[in-house]
Amino acid sequence: MKQAILVSLALSSADAFAPSQTQPCRPSTSMQMAAGRREALSKIFGGAALIASQAQPLVANALDMDAFINNELSNDTKNCDPKRDPKCAPQLSNDEALCKYGQGSAKSAACKKLRE
């Protein structure tokens, strides 16, 4: 990258320290001004192209969010401590859940199974 900048600076200022030729003072014409602008723009765009060609693409090291979330959820369920986390509930069997949250005759049958 530094080499590209140095090369573009060297190209744009190649005759910056050259002794100027003494010419009679003439007013600039629009053709000379246009040529000067074209030359300046070509140097600018040439330097930009040189720098862009030397740039290396960045490598993205992305995190697999689905795997990360699933891993965290499984760790939370494995390391469940009801004393520290009130949301941590023990896993209920089918009969326990039906007895606690069920309705009607299915609830009463599940509760009878649990009492036995």
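Trainee: What share of the 116 residues in the chain is made up of buried residues?
Mentor: Keep in mind that this is a predicted model. Buried residues account for 8% of the 116 residues. The accessible surface of the chain is about 10,800 Å², and carbon and sulfur atoms hold 58% of that surface.

Trainee: Why is the link of cysteine 99 and cysteine 111 called a disulfide?
Mentor: The cut-off is 2.5 Å between cysteine sulfur atoms. In this pair the sulfur atoms are 1.9 Å apart, so the pair is within the cut-off and counts as a disulfide. By this rule the count is one disulfide. The pair links distant parts of the chain: cysteine 99 lies in helix α4 (residues 94-101) and cysteine 111 in helix α5 (residues 104-115), 12 residues apart. As for handedness, the link is right-handed, with 100 degrees about the S-S bond.

Trainee: What makes cysteine 111 count as buried?
Mentor: Buried means under 20% relative accessible area. Cysteine 111 has 11% relative accessibility, so the label buried applies.

Trainee: Which residues is leucine 114 in contact with, leaving aside neighbours within four places in sequence?
Mentor: Those are Asp95, Glu96 and Cys99. Take glutamate 96: it is 18 residues from leucine 114 in sequence, yet the C-alpha to C-alpha separation is 7.1 Å.

Trainee: How do you know that glutamate 39 and lysine 43 meet in a salt bridge?
Mentor: The rule asks for a side-chain nitrogen of Lys or Arg within 4 Å of a carboxyl oxygen of Asp or Glu. Here the N to O value is 3.4 Å, so the pair passes as a salt bridge. A search of the whole structure finds one salt bridge.

Trainee: Why are these two residues separated by about one helical turn?
Mentor: Because glutamate 39 and lysine 43 are four residues apart in helix α2 (residues 30-54). Glutamate 39 is partly exposed at 44% relative accessibility, and lysine 43 is partly exposed at 32%.

Definitions and conventions:
Residues are numbered from 1 along each chain as its sequence is written. This is a predicted model: local features need pLDDT of at least 70, side-chain atom pairs count only at pLDDT 80 or more; totals for chains, interfaces and linings use all residues. Side-chain values use heavy atoms; hydrogens and water are left out. Buried means under 20% relative accessible area, exposed over 50%, partly exposed in between (1.4 Å probe, protein chains only). Contact means heavy atoms within 4.5 Å. Accessible areas come from the Shrake-Rupley method with a 1.4 Å probe; for residues, only the protein chains shown count as cover.
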